[in-house]
Amino acid sequence: PRSVLVRVDFSAPSLRALAQARQLVSPGGRIHLLHVHLRKLSDPDWTDHAGVLPEPPAEHQEVLRRLQVLVPPDDTAVRWSVEGVSAREVALAICQAAEREGVDLVCMGEREGHGGRPADVTRELLARCHRPVLVVPSPAEEREPRGWGSVDLQP
């Protein structure tokens, strides 16, 4: 892909997704880092503008600073851009940003929900996004064993 959007929530899975995106994008390409602040109806000054707003002013500059720190200073082979938004639905914000930025691929880290299924945001993004989505799995040693294979049946 020439351009990739990476959803960044500053967790280990999102940093793995960022590393994977950097390996995928060839010189001359672009990586767009997106942080989504989950808005709640109880947040002050709540106004819904098609689901996505800029991040709250108190957090905006800090989030942009944290995103800029993730951009390798010596990496001039690709163009980097950063963005922070607020939304009631994280998956919707990611889909809208992917369309607005015209990226070839959306990349995000794997998060598990209940019962080992993908988390709600991942499932929703896979169902709604009109762009290809790459979900970067967590390393095998971080995954919890599941099923009978993880149970020691020896006395």
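Start with R123 and D120: their side chains meet in a salt bridge, 2.6 Å from N to O. A salt bridge here is a side-chain nitrogen of Lys or Arg within 4 Å of a carboxyl oxygen of Asp or Glu. The model is predicted, so local features need pLDDT of at least 70 and side-chain atom pairs count only at pLDDT 80 or more, while totals for chains, interfaces and linings use all residues. Residues are numbered from 1 along each chain as its sequence is written, and side-chain values use heavy atoms, with hydrogens and water left out.

**Stop 1: helix α4**

Stay on R123 and D120. Both belong to helix α4, residues 120-128, and they sit three residues apart, about one turn of the helix. Helices (H or I, at least four residues) and strands (E, at least two) are DSSP runs, numbered from the N terminus.

Colour by accessibility next. Buried means under 20% relative accessible area, exposed means over 50%, and partly exposed lies in between (1.4 Å probe, protein chains only). D120 is exposed at 55%. R123 is partly exposed at 34%.

Now select R128 and E124. Their side chains form another salt bridge, 3.2 Å from N to O. They are four residues apart in α4, about one helical turn. R128 is partly exposed at 31%, and E124 is partly exposed at 34%.

**Stop 2: a link across the sequence**

How many salt bridges does the structure hold? There are eight. Go to the one between R22 and D75, at 2.5 Å from N to O. R22 lies in helix α1 and D75 in the loop between α2 (57-69) and β4, so this pair ties together parts that are 53 residues apart in sequence. R22 is partly exposed at 24% relative accessibility. D75 is buried, at 13%.

**Stop 3: helix α1**

Select residues 12-24. This is α1, with 13 residues. From first C-alpha to last it reaches 19 Å, close to the expected 18 Å. The expected span is 1.5 Å times one less than the number of residues.

Show P13, S14, R16, A17, L18 and A21: these are buried. Their cover includes strands β1 (3-7), β2 (30-38), β4 (79-87), β5 (105-109) and β6 (133-136).

Keep A17 in view and pick P137. P137 lies in the segment after β6 and is partly exposed at 46%. P137 and A17 are 120 residues apart in sequence, but 8.6 Å apart in space, C-alpha to C-alpha.

**Stop 4: strand β1**

Select residues 3-7. Is β1 enclosed or open? Five of its five residues are buried, so β1 is largely enclosed by the rest of the structure. In a regular strand the side chains alternate between the two faces of the sheet. Look at each face in turn: S3, L5 and R7 point to one side, V4 and V6 to the other, and both sides are covered.

Bring in the neighbouring strands. Two strands count as paired if DSSP finds at least two bridges between them. Five bridges join β1 to β2, and the two run parallel. S3 stands opposite R30 in β2. β1 also pairs with β5 in the parallel sense, over three bridges. There V4 has L105 as its bridge partner.

Show β1, α1 and β2 together: they make a right-handed β-α-β unit. Right-handed means that, with the strands pointing away from the viewer, the path from the first strand over the helix to the second runs clockwise.

**Stop 5: V6 and R7**

Zoom in on V6, in strand β1. V6 is buried, at 0% relative accessibility. Contact means heavy atoms within 4.5 Å. Leaving out residues up to four places away in sequence, V6 touches S14, A17, L18, A21, I31, H32, L33, L34 and C107. V6 and A19 are 13 residues apart in sequence and 9.7 Å apart in space, C-alpha to C-alpha.

Finish on R7, also in β1. Beyond its neighbours within four places in sequence, R7 is in contact with S14, L34, V90, I94, C107, M108 and V121.
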